[in-house]
Amino acid sequence: MIVFISGGVRSGKSSFAEQCAKMMAETTHSLHYIATAIRTDEEMEARIAHHQKQRKRDRWQTWEQPYDLDRIIYMFCKRDIVLLDCLTNLWANELFRDHIWDVHGKVPRIVQQIKQLSDKAKGLIIVSNEVFYDGVPNERGTYMYMHGLGLLHQHLVTLSDVAILMRYGLPIVKKGRWPCGVV
């Protein structure tokens with residue numbers, strides 16, 4: 001099962017995704033958290049520390065993987081619930097790391113890696129940001145980033161069993177039916 005959760009900044013996406021993962025996991029299933037953020041400044045360091053502290057309260061196995069998901073796919077099995085937080089960071093890391101802005105080469109690669117990950121695990125929850133409310137700017141780097149993220153969203157929502165949009169901490173189911181009674 002793939003659950004895609006998107007929404008604006010600070011909309012409650014990550015907390016809701018963690019809650020969903022815990023509900024999907026039975027006592028025999030492992031919870032895995034793929035964290036994609038890179039420590040770039042004090043604010044990001046504080047956000048990462050906050051998320052790490054939250055996860056320590058539960059039984060999460062954390063994988064800090066800012067790009068190249070294929071390096072860890074083999075680690076998962078059908079007893080695992082995997083939360084990928086977040087696609088927005090993963091895409092930025094993949095797009096800008098080698099200064100080759102090959103959207104049409106990198107998007108299919110990421111989609112394939114996520115599909116492989118979902119095939120290995122019992123459940124996959126993907127968190128991403130909605131960044132399109134104000135349109136797409138003309139500046140090349142920002143345009144390429146947003147164009148690729150839009151393509152990723154389209155592909156992954158198509159693959160997803162459930163797609164949820166978070167607004168003001170409230171989940172709005174846009175595709176499928178959430179089986180766990182959270183929404």
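1. Where does Y67 lie? This is a predicted model, and in it Y67 sits in the loop that runs between β3 (60-64) and β4. Y67 counts as partly exposed because its relative accessibility is 24%, and buried would require under 20%. Setting aside residues up to four places away in sequence, Y67 touches I38, L90, N93, E94 and R97. Y67 and V107 are 40 residues apart along the chain, and their C-alpha atoms are separated by 12 Å.

2. The largest nonpolar core has 29 residues. Those with the most contacts inside this core are I34, L84, L87, W91, I114 and I126. At least two core residues come from each of these elements: β1 (2-7), β4 (80-85), α3 (87-96), α4 (103-120), β5 (123-129) and α5 (140-159).

3. I114 can be looked at on its own. Leaving out residues up to four places away in sequence, I114 touches L69, L84, L87, L124, I126 and L156. Among these partners, L84, L87 and I126 are also on the list of residues with the most contacts inside the largest core.

4. D85 belongs to strand β4. Its relative accessible area is 12%, so D85 is buried; the limit for that label is under 20%. Apart from residues up to four places away in sequence, D85 is in contact with S14, Y33, I34, A35, T36 and V127.

5. Two or more lining residues are given by each of α1 (13-24), β2 (30-35), α2 (42-56), α3 and β5. The largest share, 8 residues, is from α2. By type, the lining divides into 9 nonpolar, 12 polar and 6 charged residues.

6. Helix α1 can be checked for length. With 12 residues at 1.5 Å a residue, α1 should span 16 Å, and its end C-alpha atoms are 16 Å apart, so the two values agree. The buried residues of α1 are K13, S14, F16, A17, E18, C20, A21 and M24. An α-helix has 3.6 residues a turn, so residues three or four places apart point the same way.

Conventions
Residues are numbered from 1 along each chain as its sequence is written. This is a predicted model: local features need pLDDT of at least 70, side-chain atom pairs count only at pLDDT 80 or more; totals for chains, interfaces and linings use all residues. Side-chain values use heavy atoms; hydrogens and water are left out. A nonpolar core is a set of buried Ala, Val, Leu, Ile, Met, Phe, Trp, Tyr and Cys residues joined through side-chain atoms within 4.5 Å. Buried means under 20% relative accessible area, exposed over 50%, partly exposed in between (1.4 Å probe, protein chains only). Helices (H or I, at least four residues) and strands (E, at least two) are DSSP runs, numbered from the N terminus. Contact means heavy atoms within 4.5 Å. Ala, Val, Leu, Ile, Met, Phe, Trp, Tyr, Cys and Pro count as nonpolar, Asp, Glu, Lys and Arg as charged, and the others, Gly among them, as polar. The expected span of a helix is 1.5 Å times one less than its number of residues.
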